[in-house]
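I opened my notebook today to look up a few spots in one structure. Here is what I had on screen.

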Amino acid sequence: MIWLFLGVLFFFLFIGVPVAIAMLVAAIAMMLSIGIFDTQTVAEYLIKGANNFSLMAIPFFILTGEIMNAGGVSKRIVEFATSLVGHIRGGLGYVTIIAGVIFAGLSGSAVADTAALGAILIPMMIAQGYNKNNSTGLVAAVGIIGTVIPPSIPMILFGVIGGVSITKLFMGGIIPGLLMALGLMIAWYFVAKRADAKTLPKASWAQRGRAFIRAFWALLLPLIIIVGLRGGVFTPTEAGVIAAVYALLISFVYREIKIKKLPEVFVETAKTTGVVMFLASTAIVSAYAITVGQVPRELGDFLQGITTNPTLLLLIIMFFLLVVGCVMDLTPAILIFTPVLLPVVEAVGIDPIYFGILMVINLSIGLITPPIGTVLYVGCGISKISIIDITKGIWPFLLVHFIVLIALVLFPEIITVPLGWFTE
């Protein structure tokens, strides 16, 4: 059954059929093969897929990111980070990483964060003498932290499809996201040592204070989200609403967004939301077919025939997902493989929250690996370089993300212990 599902899916993807349609056709092929196909069932699960309260968080976080970019918030965050570390050797790289971590707490989207950071920082880094390939690679590598640190759209999707706590997934992503940022700082230190680049003038404490005040309301939003979720003040969906309204209010406070700009912001949000929600709907149909077709049991029996050691099993699954991430975008990969793999790891005693965080990190790395890496193409578009050039520039940062992922597999306490602190 698993080969039937994957075979039909990848065949239709290969000939250019949209992902959502390919998923739906693969699910119908499975249902036909086991004699349970019914148009009413397909329609019922399509509606059920979109009719989920938790999924409502997605359009609001997408809207938050769109408002932030249109309302001058991105620029203020970069100015604040620049005032702190712009004067040290390799300073603009550290600015990129610090700003990326802050952005990650605002939108939950790697593509949005990369576009916002890249538009501001890549031209600055090139003007200061940094290598264009390395600069673009760093921005792309920082961008995927947006899918790990809360709020995270992929974690919302995993939580909905897997039936696990989205709040716990959010809280569990904080430490891994910060570790990814720390690893990038270390890698950038060695890259910057070889660069013959200028440094910016050191900001005075008065200038830093002014930059902090200008960015204060934007910096407050990630804190509001994390504290609110940790304290049980609001759900992830309610957090999305609060983030969107807050972003809109501070954009008006900053006076950098015009009323006439809002229709464009809402239309872009609606377009992105429509794609994600239709994918979620078809994923629920696929999950139904996968479950009835006993694909998780077949896959579990196969993998447990290789090993029953949870760590070794995780390493095998992580390698498989890395390959998947090279040829498939993050969102469909989460939606397709969550119902397949989650029962397998639960059967050997692996915490589904822990696995969900690993899966999101793993498939996020796929966003910066050729040939399909979406974030790579965003970086190429901003820098006007080829996919080959950005691949040359990103490899030290890609290696760091691999090392962090392996460390999280070998030492699960890195996730599970802090998760206990944040959720108890």
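Below are my entries, one topic at a time.

**Entry 1: what kind of model**
I noted before anything else that this is a predicted model.

**Entry 2: a pair of helices**
I began with a reminder to myself: two packed helices are described by the angle between their axes and the distance between the axes. How are helix α19 and helix α20 packed? I looked up α19 (residues 374-383) and α20 (residues 387-410), and their axes are 10 Å apart at an angle of about 110°. Angles of 65 to 115 degrees count as roughly perpendicular, so α19 is roughly perpendicular to α20.

Next I checked who touches whom. On the α19 side I found Leu376, Tyr377, Gly379 and Cys380, and they meet Ile387, Ile390 and Ile394 in α20. Sorted by class, this contact has 6 nonpolar residues, 1 polar residue and no charged ones.

**Entry 3: the loop between them**
I then went to Lys384, which sits in the loop between α19 and α20. Is Lys384 buried or exposed? Its relative accessibility is 68%, so I wrote it down as exposed. I also looked at its backbone: phi of Lys384 is near 60°, a positive value in a residue other than glycine.

**Entry 4: a cis bond**
With that in mind I looked up another backbone spot. Pro150 and Pro151 are joined by a cis peptide bond, with omega at about 0°. Pro151 belongs to the loop between α8 (132-143) and α9 (153-162).

**Entry 5: Thr114**
I found Thr114 in helix α7 (residues 110-127). Its relative accessible area is 0%, so Thr114 is buried. What does the side chain of Thr114 reach? I got the backbone oxygen of Ala110, at 2.7 Å. Setting aside neighbours within four places in sequence, I listed the contacts of Thr114 as Val139, Ala140, Gly143, Val375, Val378 and Ile382.

**Entry 6: Asn134**
Asn134 is in helix α8. At 17% relative accessibility, Asn134 counts as buried, because the cut-off is under 20%. Not counting residues up to four places away in sequence, Asn134 touches Trp188, Val191, Gly393 and Phe397.

**Entry 7: the core**
Trp188 came up again when I moved on to the largest nonpolar core. Which of its 154 residues touch the most other members? I noted Trp188 and Phe355. For Phe355 I wrote out the contacts, leaving out residues up to four places away in sequence: Phe158, Leu314, Ile317, Met318, Leu341, Leu342, Val345 and Ile350.

**Entry 8: two distances along the chain**
Ile186 lies in helix α11 (residues 174-193), and with a relative accessible area of 47% Ile186 is partly exposed. Ile186 and Val400 are 214 residues apart along the chain, and I got 8.8 Å between their C-alpha atoms.

Ala29 and Ala244 are 215 residues apart along the chain, and their C-alpha atoms are separated by 40 Å. Not counting residues up to four places away in sequence, Ala29 touches Leu4 and Val8.

Note on methods: Residues are numbered from 1 along each chain as its sequence is written. This is a predicted model: local features need pLDDT of at least 70, side-chain atom pairs count only at pLDDT 80 or more; totals for chains, interfaces and linings use all residues. Side-chain values use heavy atoms; hydrogens and water are left out. Axes are lines fitted to C-alpha atoms, for helices over the stretch in contact, and angles run from 0 to 180 degrees between N-to-C directions. Helices (H or I, at least four residues) and strands (E, at least two) are DSSP runs, numbered from the N terminus. Angles under 35 degrees count as roughly parallel, over 145 as roughly antiparallel, 65 to 115 as roughly perpendicular and the rest as oblique. Contact means heavy atoms within 4.5 Å. Ala, Val, Leu, Ile, Met, Phe, Trp, Tyr, Cys and Pro count as nonpolar, Asp, Glu, Lys and Arg as charged, and the others, Gly among them, as polar. Buried means under 20% relative accessible area, exposed over 50%, partly exposed in between (1.4 Å probe, protein chains only). A polar contact is a pair of N or O atoms within 3.5 Å; within protein, one must be able to donate a hydrogen and the other to accept it, and residues adjacent in sequence count only if both atoms are side-chain atoms. A nonpolar core is a set of buried Ala, Val, Leu, Ile, Met, Phe, Trp, Tyr and Cys residues joined through side-chain atoms within 4.5 Å.
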